[in-house]
Amino acid sequence: MIMLSIDAERLLGRIRELGQIGRGSDGRLVRLAATDADKAGRDALVSWLRTAGLEVAVDRIGNIFGIWRTADNADEPPVLLGSHIDTVINAGIYDGCYGVLSGLEVIETLKAAGHAPARPIAVAAFTNEEGVRYAPDMMGSLVYAGGLPVEEALATVGSDETTLGAELERIGYKGSKEPGFLKPHAYVELHIEQGPVLEREGVPIGAVENLQGISWQRVTIKGEANHAGTTPMTMRRDAGHAAARVVTFLRDRARNANTPTVATVGCMSFEPNAINVIPSQATFTVDLRDPDEQRLQVEEAALAAYLKELAADEEVTISVERLARFEPVTFDRKIVELVEDAARRRGLASKRMTSGAGHDAQMIARIAPSAMIFVPSIGGISHNPREHTPDASAVAGANILLEVVSRLAAE
């Protein structure tokens, strides 16, 4: 049996071409959801989908689909591939984009080989996966899976006071299809690892079997502003100091635990934000992650108990707003095994893994058997212009996706 391979030059060329769209005069790559740069990236993708002879559909939340179906399989649920093409600020070129373009490449390769799948194959680019401009992240896939009403998502106000629905309409990507109009037979997402494990262990393929739960909270601490020079340390209600104590509590607890729990304070601001004034208010975010739901709940409870204790100790008031909460996801065992088998057939080692980052796959797993394939990230760097996966690794991952998809589409 001849083993098919994707067109490496075409895939890598598109990754680099898309990586130049949204790049400013300062060299930074920024394609936030529903911006003009995002429109330009979407336009390029849609052009490639149409060139490949695929049916293009856009749903009301702006998710883009390229669908390959024939008269013989048109009524069957499709094998769905995908990821996203929106970016963080000052991004690399692989995160998300690699999965979408590899999905397209797999379809083109199968079409060119005269493949006759028993069911359709589709590739999706989901809206606002990164969540930089509009919250929550993974919004397009969340809406698609029925986890967030589309009207509520479209009414979301962004960090720049724009509304997502109006911006999607402005750029021409507020589609007419209802989210969820395609009911997948299975979903597979190819992605760079965004971590150091595969590179450090010299393993070329990650068979992702589960994905961490995520808890996002915004904490606001209110104290009392006062003169930085005349107020004794023992008489202060310093919101800034209280916030710093939370940061060290989270870090020490996570580092001293014999678990994979991670905790991050990623955003923080003080009021009145003056060098000679004791902060009257501190606002910051907390990101907790763990692949075990019970442990994640324990960490949330530990933080809540500490905040209560801190409020009394520092004589401050503390309020907490939940921004997002996603339970851990266990991916479909059968698809994970297909990934491992495909790697073996191509002479590549593989490793079962947990994803520490959130992905569209965790949302689509609510409605269809799903799994992910990882390839190495050099230095474990991502969300950074130095994000890099060697060409050979990117091609190897796309070929594994090709084999897994051909087998799923034959079912």
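Modeller: Let us begin with a definition: a residue is buried under 20% relative accessible area, exposed over 50%, and partly exposed in between, using a 1.4 Å probe and protein chains only. This is a predicted model, in which local features need pLDDT of at least 70 and side-chain atom pairs count only at pLDDT 80 or more, while totals for chains, interfaces and linings use all residues. Residues are numbered from 1 along each chain as its sequence is written, and side-chain values use heavy atoms, with hydrogens and water left out.

Biologist: Why does Leu 211 count as buried?

Modeller: Leu 211 has 0% relative accessibility, and therefore counts as buried.

Biologist: What makes Arg 14 buried or exposed?

Modeller: The relative accessibility of Arg 14 is 9%, so this residue counts as buried. Arg 14 is found in helix H1 (residues 8–18); a helix is a DSSP run of type H or I with at least four residues, a strand is an E run of at least two, and both are numbered from the N terminus.

Biologist: Which residues does Leu 211 touch, not counting those up to four places away in sequence?

Modeller: Contact means heavy atoms within 4.5 Å. On that basis Leu 211, which is found in strand E6 (residues 205–211), touches Pro 328, Val 329, Phe 331, Ser 355, Ala 357, Gly 358, His 359, Gln 362 and Met 372.

Biologist: What is meant by a nonpolar core?

Modeller: A nonpolar core is a set of buried Ala, Val, Leu, Ile, Met, Phe, Trp, Tyr and Cys residues joined through side-chain atoms within 4.5 Å. The largest one here has 102 residues, and Phe 331 and Val 404 have the most contacts inside it. Helix H12 (residues 391–408) supplies the largest share of this core, nine residues. A second, separate core of 17 residues includes Ile 221, Leu 303, Tyr 306 and Val 316.

Biologist: In what sense do strands E1 and E2 pair?

Modeller: Two strands pair if DSSP finds at least two bridges between them. Strand E1 (residues 55–58) and strand E2 (residues 64–68) have four bridges, in the antiparallel sense.

Biologist: How many residues lie between E1 and E2 in their hairpin?

Modeller: Five residues lie between E1 and E2, and Gly 62 in the turn has a positive phi of about 90 degrees.
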